Amino acid sequence: MIDCNQDSHVYRVVTTYRNGSTRPVVERGPWHPSRKIAEDWAETLRVHGYAVSVESQSGMIDVGGGVAGDDNGDLMSALASMA
């Protein structure tokens with residue numbers, strides 16, 4: 001088992017899909033000891049049609065091969081416009 005409180009980085013795959021509702025379902029996989037292992041799993045899931053990203057302990061780092069933005073960007077924008 002990986003201790004996620006260590007100083008070393010660990011990575012996991014995050015899948016996003018819709019199940020008939022307007023809100024996407026986000027599922028996070030187990031932590032992996034290296035980015036390569038997480039990216040290998042992400043590529044396997046992409047091949048099978050899943051929308052995936054790779055996340056490190058410090059946040060999202062990859063969405064379909066690119067750098068990810070803030071996961072809650074839309075929510076933060078909406079809340080800021082209400083202030």
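## Salt bridges

A salt bridge is a side-chain nitrogen of Lys or Arg within 4 Å of a carboxyl oxygen of Asp or Glu. Side chains of opposite charge can pair when their charged atoms come close. This model is predicted. By that rule, the count comes to five salt bridges.

## The overall fold

The protein chain has two helices and four strands. From the N terminus on, their order is β-β-α-β-β-α. Of the 83 residues in the protein chain, 22% are buried. The chain exposes about 6,000 Å², and carbon and sulfur atoms supply 54% of that area.

## A network around Glu55

Salt bridges link Arg12, Arg28 and Glu55 in a network. Glu55 sits in strand S3, residues 51-56. Its relative accessible area is 9%, under the 20% cut-off, so Glu55 is buried.

Glu55 and Arg12 form a salt bridge with an N to O distance of 2.6 Å. Arg12 lies in strand S1 (residues 11-17) and Glu55 in strand S3, so this pair ties together parts that are 43 residues apart in sequence. Both Glu55 and Arg12 are buried. Arg28 also forms a salt bridge with Glu55, with the closest N and O atoms 3.4 Å apart. Arg28 belongs to strand S2 (residues 25-28), so its pairing with Glu55 ties together parts that are 27 residues apart in sequence. Arg28 is partly exposed, at 38% relative accessible area.

## A pair within helix H1

Arg46 and Glu43 form a salt bridge, their closest N and O atoms being 3.5 Å apart. They are three residues apart in helix H1 (residues 35-47), so about one helical turn separates them. Arg46 is partly exposed, with a relative accessible area of 25%. Glu43 is partly exposed at 42%.

Notes:
Residues are numbered from 1 along each chain as its sequence is written. This is a predicted model: local features need pLDDT of at least 70, side-chain atom pairs count only at pLDDT 80 or more; totals for chains, interfaces and linings use all residues. Side-chain values use heavy atoms; hydrogens and water are left out. Buried means under 20% relative accessible area, exposed over 50%, partly exposed in between (1.4 Å probe, protein chains only). Accessible areas come from the Shrake-Rupley method with a 1.4 Å probe; for residues, only the protein chains shown count as cover.
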